[in-house]
Amino acid sequence: MYRNDPIIPTFSLILALGLFYMAYMDGLHIARLLGHTPEELSVGQIGLMAFGAVFLLYGLIGLTSYWLEGVELRPGRHFPTPATAPVAAGVILVLLLTALSGFFVRLIIYSAQTGHNPTWLQGLIFGSISLVVAALLGIYKKFFGRDEVITEEEKSEFPW
């Protein structure tokens, strides 16, 4: 069987943090050379953050796969075991999602009434809503969804 190992995604996350730190240090170096902090990012900072984002995404996907599927896939049907903790976490996350959605709607109404549009706050709230929905889907997949693992022989009909 194939193993689902968390080592490479963990190193990917460490590398992403290192790249983000290098971009930060590059910005401090540019600010020290110029005598003030520039308002735009340098090409080097953009490149470091782009590669950091790729490694960050790869690491998060790998660790999520490790958390959901486990170390080794076993063929057959797997039924979830009922527990109280995932239900309580789901209820708390749904309440948080409701509060964030209400705050997002109030922020849109505030923007329409006053003309002041804090887009950074709207993006932050919408990003948090997306992360809460992803956490709810992960909890459902891990604790409530039925899994079926199907395996093939090594010598299948496909040419690869």
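**Close-up views of a predicted model**

The chain has four helices and two strands, and what you see here is a predicted model, not an experimental one.

**View 1. The whole chain, from end to end.** Starting at the N terminus, the elements follow the order α-α-β-α-α-β. The C-alpha trace spans about 65 × 40 × 30 Å along its principal axes. For the chain, the radius of gyration comes to 22 Å, while a compact globule of 160 residues would be near 15 Å. As for what is tucked away, 20% of the 160 residues in the chain are buried.

**View 2. The largest pocket and what surrounds it.** Here we look into a space of about 380 Å³, the largest pocket. There are 18 residues lining this pocket, and Leu68, Glu69, His78, Lys141 and Asp147 are the closest to its centre. Three elements each give at least two residues to the lining: helix H2 (43–69), helix H4 (119–143) and strand E2 (147–149). Sort the lining by residue type and you get seven nonpolar, four polar and seven charged residues.

**View 3. Two tyrosines in helix H1.** Aromatic pairs come next, and the model has four of them. In one of these, the ring centres of Tyr21 and Tyr24 are 6.4 Å apart and the planes meet at 35°, so the pair counts as tilted. Both tyrosines belong to helix H1 (residues 7–34), and because they are three residues apart there, about one helical turn separates them. Tyr21 is exposed, since its relative accessible area is 51% and the cut-off for exposed is over 50%.

**View 4. Trp67 meets Phe143.** This is another aromatic pair: the ring centres of Trp67 and Phe143 sit 6.3 Å apart with their planes at 70°, so the arrangement is edge-to-face. The two partners come from distant parts of the chain, with Trp67 in helix H2 and Phe143 in helix H4, 76 residues apart. Trp67 is partly exposed, at 38% relative accessible area. Phe143 also counts as partly exposed, because its relative accessibility is 30%, and partly exposed covers the range between buried, under 20%, and exposed, over 50%.

Key:
Residues numbered from 1 in each chain as written. Predicted model: local features only at pLDDT ≥ 70, side-chain atom pairs only at ≥ 80, totals over all residues. Heavy atoms only, no water. 1 Å grid on protein atoms, 1.4 Å probe; cavity = no way out; pocket = protein on both sides within 12 Å on 5 of 7 lines; lining within 4 Å. Points joined across faces, edges and corners; volume = space filled by probe spheres on them. Nonpolar A, V, L, I, M, F, W, Y, C, P; charged D, E, K, R; others polar. Phe/Tyr/Trp six-rings, centres within 6.5 Å; stacked < 30°, edge-to-face > 60°. Buried < 20%, exposed > 50% of the residue type's maximum accessible area, 1.4 Å probe, protein only. Rg over C-alpha atoms; globule rule 2.2 N^0.38 Å.
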